[in-house]
Amino acid sequence: MMSRSSLDATYFDDIFAADDDPWDLASSDYEAKKFQATHDAIADRRYARALEIGCAHGVLTEKLVALCDSLLAVDISSKALAKARERVGDRPGLDLAQMAFPKETPHAAAFDLVILSEVVYYWGVVDLDRASEWLRDGVASGGRVILVHYTGETDYPHSADEAVGSLWSDLKSVFVAERTDRNDGYRLDLWRRR
């Protein structure tokens, strides 16, 4: 595993300042299919309290909000959050907040769904450890964590397989893997808290 530091808010603010849709989240068929697969993997139940980490400009958030009584969608980038607010507007049960997870974490009761879509490979080793530690206590008994990540080459601190593998290594004693799917260009992992 590489030992680079986590990417910071400036990195993401610069990306969103240069391009309204930097990863084609709102415009590509690939992203649309991936977001639909993410939704479908967790749509078998309703969630009282959910946390979406790295909501970017809210494309997936729009799909998630219908599954949740309460959804806290966070991002490290203020520019991304401004775009998310434009996209999703004011919806009952939805809160958008700037947060540099896992350095900053919600202080509320445990969540029964945590969404980590396209985020864990941006974290260095220290932040992967912080995330594991928080997930141990931040996910309610029977709650779920869904991780969806691009598996191609990147210049991020870790590959998808390295980052997800590191989290799983730390958490496999407290979570059960419900799904581990490899699709065209991405992996989808669904874990349930014992």
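Residues are numbered from 1 along each chain as its sequence is written, and side-chain values use heavy atoms, with hydrogens and water left out. Because the model is predicted, local features need pLDDT of at least 70 and side-chain atom pairs count only at pLDDT 80 or more, whereas totals for chains, interfaces and linings use all residues.

Helices (H or I, at least four residues) and strands (E, at least two) are DSSP runs, numbered from the N terminus. Two strands pair if DSSP finds at least two bridges between them. Strand β1 (residues 47–53) pairs with β2 in the parallel sense over 6 bridges, and tyrosine 47 has cysteine 68 of β2 as its bridge partner. Parallel pairing also joins β2 to strand β3 (residues 94–98), here over 5 bridges; leucine 71 is bridged to leucine 94 in β3.

Helix α3 (residues 59–64) forms a right-handed β-α-β unit with β1 and β2, and helix α4 (residues 78–88) forms a right-handed unit with β2 and β3. A crossover is right-handed if, with the strands pointing away from the viewer, the path from the first strand over the helix to the second runs clockwise.

In the loop between β1 and α3, alanine 56 has a positive phi of about 50° although it is not a glycine. Alanine 56 is buried, at a relative accessible area of 10%. A cis peptide bond, with omega about 10°, joins phenylalanine 101 and proline 102; proline 102 is located in the loop between β3 and β4.

Technical notes. Buried means under 20% relative accessible area, exposed over 50%, partly exposed in between (1.4 Å probe, protein chains only).
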